[in-house]
Amino acid sequence: MESMRPTEEFRQRLEQRVLAPLTHTGKGFWLLVGGLSIVVAWGLYAYFFQLRDGLIVTGLGDRPVWGLYITLFVFFIGVSHAGTLISAILRVTKAGWRTPITRMAEFITVVALMIGAVFPLLDIGRPDRVFNLIQSGRWQSPIIWDILAITTYLTGSLIYLYLPMIPDLAVCRDRLRNRISSSKHRLYRIGSLGWQGSWLQRKHLESGIGLMMIIIIPVAVSVHTVVSWMFAMTLREPWNTAMFGIYFVAGAIFSGIAAIVVLMAILRKVYGLEEYITPRHFINLGYMLAAFVLIMLYFNVSEYLTYGYNMAGEKPFHFEQIFSGALAPYYWTYLLAGILLPGLLILLPFTRNIAGIVVASVLVNIGMWLERYFIVVGGLRIPLMPYEPVNYVPTWVEWSIMAGAFAAFALIIVIFAKLFPVIAIWEVAEHHEEEAAQAPQPAAPAFVGASSFPLPRIPEPVSSIQHRFQRGDGDSNESEGE
Amino acid sequence: MMRTAGIGWLVLSALAAIVAAMLAIQIVVAEAEPNETALEISVPAESRVGDEATLEARLTDEAGKPISGEIVGFYSLAQFAGYSGEVKLGEVATGDDGVAQLSHLVRREGEIRVAARFEGNEDYAPSREMDTMMTLPGEQIYQSTAGVHIPGLSDLNVGILVAVLGIVWFIYGAVMVRLFLIGRASLSSDSKEEGRLA
């Protein structure tokens, strides 16, 4: 066996490691899928009750018209900002360390959007009437803006997930031919669009990724801004503020980063990706989280100081309910355990490690969920007329649907990780080559009409890679077949 | 005996005085009763939603003489969420001719029962009268003030939204074209390869 260059060895090792879960399925996978499916089924069972009997089976009513469903809607849409930040922003800024985690981030985006977008349908009680919204909706309504923004973001995120996956699908198509079912191979063959890594294909791919990474950032920002406007455009006291847009966007990125850290830690452990997802990735994301801890603290101080300086109207009621009243446990847990404690865990040197940052991320996600909850419930709890405030208490139906939603989120990610490489092989390999070379690479061909944005380099054609790699498991036959 | 007769006369006189006093009080009370009143209401027989309908009520005493300077209230009978009752439309004072006129913006179509009511006072007894007004569908009068209204660009608001969305989806379209081109590039390179081998 002829010796290989270190970069080639790295690439081969990377492919073997990343493609292994696509061909080997252990008992643990089926147990996990089974367990998650049971929870999803329980959530569907609870929804069946709601569909049959109406929203009366929930804790919602004529005063608390929004509750757990809208909380989860805002939470999942927030988590969906993971892909945009890690993938698009870091790609635009040419942050090379991003490469092993972009795929996970992009996938979290798509799955979180798919799950989050369902919740307004659950909240309306009569999903058959959703077409009335489209048929008779008004352009001036923030609900219509929401539908348009989320549809646009979901479409863009799917395209943005798919584009950088094309070369990896070609790798799956070529490497796994004899080790996977024909239907799975067909999926890779169709998905790879006949990718051969030719100059023309690379040019089109670079151009497409360049366009998408630019457009997806404002689209993502607009989505969570529009979600915040669903609250801010109403005349309710704590919601009707110009700060809600940026406050929601910052909170979304905050929870998005935390979600990536958690997923990264799980996949790293389960798939043995320690060589590619290193402590450096956790610490870099931890620093980003720390920056957002400060931003969120700033927003809290700015919002409540401005708001409370003029104690008029319903403001005293709102202050009382979140600082010392019915919602105080939620607010103080969010502030202390969801913002301050994660900040400390990241900033203190002895907890600034993988375990510390993962714990901080879990706390951030719990804290952001609580924040969404008291924003939604607190706003509606303020009486608009002289009646006693009604406390919203979710029922077993709502809790079950929430559990089902989280299980569905995890289930889709588990299935995705079984079907597609969780790491962008070509991007990681290329970044490694760049680092190994320790010298500027030769300039990429100056494509006519190519984007002037910094674009990722595309790996050499898969067919040529195949000729270079010596694999002892029938791959040489595949190369000949090609 | 004389003494007994005196007491009897005294009792009789007292009773007579009491009866006389009661009669006097009754007479006074009877004299204080307010005069009966009558209301005549007149509403347009037919109007449309969005029209300003003039509701008119004439207040007179029992002699048919107009009563001026008294307040007449106008109400419409309404039902909402399982409850029914009178919704106050407005109050107007009667003029010298005893007429109170209220200009009312018709907000709903169908048969509307309108009542005029005089609550009464020390001088006049209360009175009430009803009439029915038929209203036909008309121009939508509920114009929401919510929404985006950019000064000087009022007609372009929806246009701006459509334009922004259009740009985003156009870029998506451009990316999809690139995906198509990636697939086509594969086909063309395949055919070139086949040609070369041939």
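Predicted model: local features only at pLDDT ≥ 70, side-chain atom pairs only at ≥ 80, totals over all residues.
Biologist: Let's begin where the chains meet. How many residues does the contact take from chain B and from chain A?

Modeller: Chain B gives 23 residues to the contact, and chain A gives 29 residues.

Biologist: Which classes of residue make up the side of chain B that touches chain A?

Modeller: That side has 16 nonpolar residues, five polar ones and two charged ones.

Biologist: How many salt bridges are there between chain B and chain A?

Modeller: The count between these two chains is zero. Polar contacts are another matter: five residue pairs are found across the interface, with both residues of each pair at pLDDT 80 or more.

Biologist: Then where should I look for a salt bridge? How many are there over all chains?

Modeller: Over all chains the count comes to 15 salt bridges. One of them joins Glu275(A) to Arg13(A), with the closest N and O atoms 2.4 Å apart. This pair links distant parts of the chain, as its residues are 262 residues apart. Glu275(A) lies in the loop between helix H12 (244-271) and helix H13 (279-309) of chain A, while Arg13(A) belongs to helix H1 (residues 6-23).

Biologist: Now the sheets, please. What holds the strands of a sheet together?

Modeller: Strands pair through backbone hydrogen bonds, in either a parallel or an antiparallel way. In chain B, one open sheet has three strands in the order S1-S3-S6, with antiparallel pairing.

Biologist: Which strands stand at the edges of that sheet, and what follows from it?

Modeller: Strand S1 (37-42) and strand S6 (99-105) do; each has a single partner strand, so one side of each is left without a neighbour in the sheet. Neighbouring strands here are turned by 20° against each other on average, direction ignored.

Biologist: Can we go down to single residues? Which residues stand opposite each other in this sheet?

Modeller: Take S1(B) and S3(B), joined by six bridges: Ile41(B) has Ala57(B) as its bridge partner in S3(B). Strand S3 (residues 52-61) also pairs with S6(B), over seven bridges. There Arg58(B) stands opposite Val99(B), and Glu56(B) stands opposite Gln101(B).

Biologist: What is the strand order in the sheet of five strands?

Modeller: This open sheet of chain B runs S2-S8-S7-S4-S5, and its pairing is mixed. Strand S2 (46-48) and strand S5 (83-93) stand at the edges with a single partner strand each, so each has one side without a neighbour in the sheet. From one strand to the next, the twist averages 35°.

Biologist: How many bridges join S4(B) to S5(B)?

Modeller: Ten bridges join strand S4 (residues 71-80) to S5(B), and the two run antiparallel. To see one, find Ala78(B): its bridge partner in S5(B) is Gly85(B).

Notes: Residues numbered from 1 in each chain as written. Chains lettered and ligands numbered in written order. Heavy atoms only, no water. Contact = heavy atoms within 4.5 Å. Salt bridge = Lys/Arg side-chain N within 4 Å of Asp/Glu carboxyl O. Polar contact = N/O pair within 3.5 Å; in protein donor to acceptor, adjacent residues only side chain to side chain. Nonpolar A, V, L, I, M, F, W, Y, C, P; charged D, E, K, R; others polar. Pairing = 2+ DSSP bridges. Helix = DSSP H or I, 4+ residues; strand = E, 2+ residues; numbered from the N terminus. Axes fitted to C-alpha atoms, helices over the stretch in contact; angles between N-to-C directions.
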